[in-house]
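Reader: I'd like to learn how to read a structure like this one. Could you walk me through it, feature by feature?

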Amino acid sequence: MSVGVLLMTHEAVGQALISAAHHVLPKLPLRVEAVEVPPHEDPDVMRTLTARHARELDEGDGVLVLADLYGATPCNIGLSLGALGVRLRCVSGLNLPMLLRVLNYAEKPLDELAEIAASGGRGGIFIDHA
C-alpha cells in the first residue's frame, strides 16, 4: 500500500507538473492525479468529482493533497474532502520541488509525507545573492 497524491490546481498547472515529474522520474513511485478546477466551475460539482478521484487514489494509506494556492477554490475543495470521509493531509504552495520530494520519499506514511512536501517546497526556493 502507499499514499495517493492528488494535485488540486488551477487549469493546466497540475498536468504540467505531472509531466515535468515524469521527465525527472520516468516511472512515478506513487499514484499521482491532478484535478484542475476551471474558472467559473461550480465548487459543489467539483467537490463531488474530486472526492471520487480521492477515494480511487486511496489504497488504504490516505491521500496527500497538494494544492497550488492556499485559500483559492482548488485548495478549498481539497481541504473539504476530509468532511466527505477521505483520509487526507493538504499542503498548499505546490511547486515542482515539492512534488519531486514527495515522490522521492514514497515509502513514508501520510503525516510524514505532508511534512516532507512542505520542506521540499520551501527548500526548492532560492534567491540569487550575486
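Reader: Let's start with a helix pair. At what angle do the axes of α4 and α5 cross?

Author: Keep in mind that this is a predicted model. Two packed helices are described by the angle between their axes and the distance between the axes. Here, helix α4 (residues 96-104) and helix α5 (residues 110-123) cross at roughly 140°, and their axes come within 7 Å. Angles over 145 degrees would count as roughly antiparallel, so α4 and α5 are oblique to each other. As for handedness, the crossing in which α4 passes α5 is right-handed.

Reader: Which residues of α4 and α5 meet there?

Author: From α4 come Pro-97, Met-98, Arg-101 and Val-102. From α5 they meet Leu-113, Ile-116, Ala-117, Ser-119, Gly-120 and Gly-121. Sorted by class, this contact of α4 with α5 has six nonpolar residues, three polar ones and one charged one.

Reader: Now the sheet. In what order do the strands come?

Author: You'll pass four strands in the order β2-β1-β3-β4, in an open sheet with parallel pairing. The edge strands, β2 (32-37) and β4 (88-92), each pair on one side only. From one strand to the next, the twist averages 20°.

Reader: How many bridges link β1 and β2?

Author: Strand β1 (residues 4-10) pairs with β2 over six bridges, in the parallel sense.

Reader: Which strands does helix α2 touch?

Author: Helix α2 (residues 43-57) packs on the sheet and touches β1, β2 and β3 (63-67). The direction of α2 makes about 175° with that of β2. Helix α3 (residues 73-80) packs on the sheet too, touching β1, β2, β3 and β4. For α3, the direction makes about 145° with that of β1.

Reader: How far apart are the axes of α2 and α3?

Author: The axes of α2 and α3 are 10 Å apart, and the two helices pack at an angle of about 50°. That makes α2 and α3 oblique to each other. Again you get a right-handed crossing as α2 passes α3. On the α2 side, the contact is made by Pro-43, Met-46, Arg-47 and Thr-50; on the α3 side, by Thr-73, Ile-77 and Ser-80. By class, the residues of this contact of α2 with α3 are three nonpolar, three polar and one charged.

Reader: Back to the sheet: what pairs with β3?

Author: Look on either side. β1 pairs with β3 in the parallel sense over five bridges, with Leu-6 opposite Val-65 in β3. Five bridges also join β3 to β4, and these strands run parallel. Val-65 turns up here too, with Cys-90 as its bridge partner in β4.

Reader: How many residues of β3 are buried?

Author: Five of its five residues are buried, so β3 is mostly covered, taking buried to mean under 20% relative accessible area. Both faces are covered: Val-63, Val-65 and Ala-67 are buried on one side, and Leu-64 and Leu-66 on the other.

Reader: Is Thr-9 buried or exposed?

Author: Thr-9, in strand β1, counts as buried because its relative accessibility is 0%. Leaving out residues up to four places away in sequence, Thr-9 touches Gly-14, Val-35, Glu-36, Val-37, Asp-68, Pro-74 and Leu-94. Now compare Glu-33, which lies in strand β2. Glu-33 has a relative accessible area of 21% and is partly exposed.

Reader: What about the backbone in the loops? Where does Ala-12 lie?

Author: Ala-12 lies in the loop between β1 and α1 (13-24). Check its phi: near 75°, a positive value in a residue other than glycine. Ala-12 is exposed, with a relative accessible area of 53%. His-40 also has a positive phi, near 70°, and is a residue other than glycine. You'll find His-40 in the loop between β2 and α2. At 84% relative accessibility, His-40 counts as exposed.

How values were computed: Residues are numbered from 1 along each chain as its sequence is written. This is a predicted model: local features need pLDDT of at least 70, side-chain atom pairs count only at pLDDT 80 or more; totals for chains, interfaces and linings use all residues. Side-chain values use heavy atoms; hydrogens and water are left out. Axes are lines fitted to C-alpha atoms, for helices over the stretch in contact, and angles run from 0 to 180 degrees between N-to-C directions. Angles under 35 degrees count as roughly parallel, over 145 as roughly antiparallel, 65 to 115 as roughly perpendicular and the rest as oblique. A crossing is left-handed if the near helix is turned anticlockwise from the far one by less than a right angle, and right-handed if clockwise. Contact means heavy atoms within 4.5 Å. Ala, Val, Leu, Ile, Met, Phe, Trp, Tyr, Cys and Pro count as nonpolar, Asp, Glu, Lys and Arg as charged, and the others, Gly among them, as polar. Two strands pair if DSSP finds at least two bridges between them. Buried means under 20% relative accessible area, exposed over 50%, partly exposed in between (1.4 Å probe, protein chains only).
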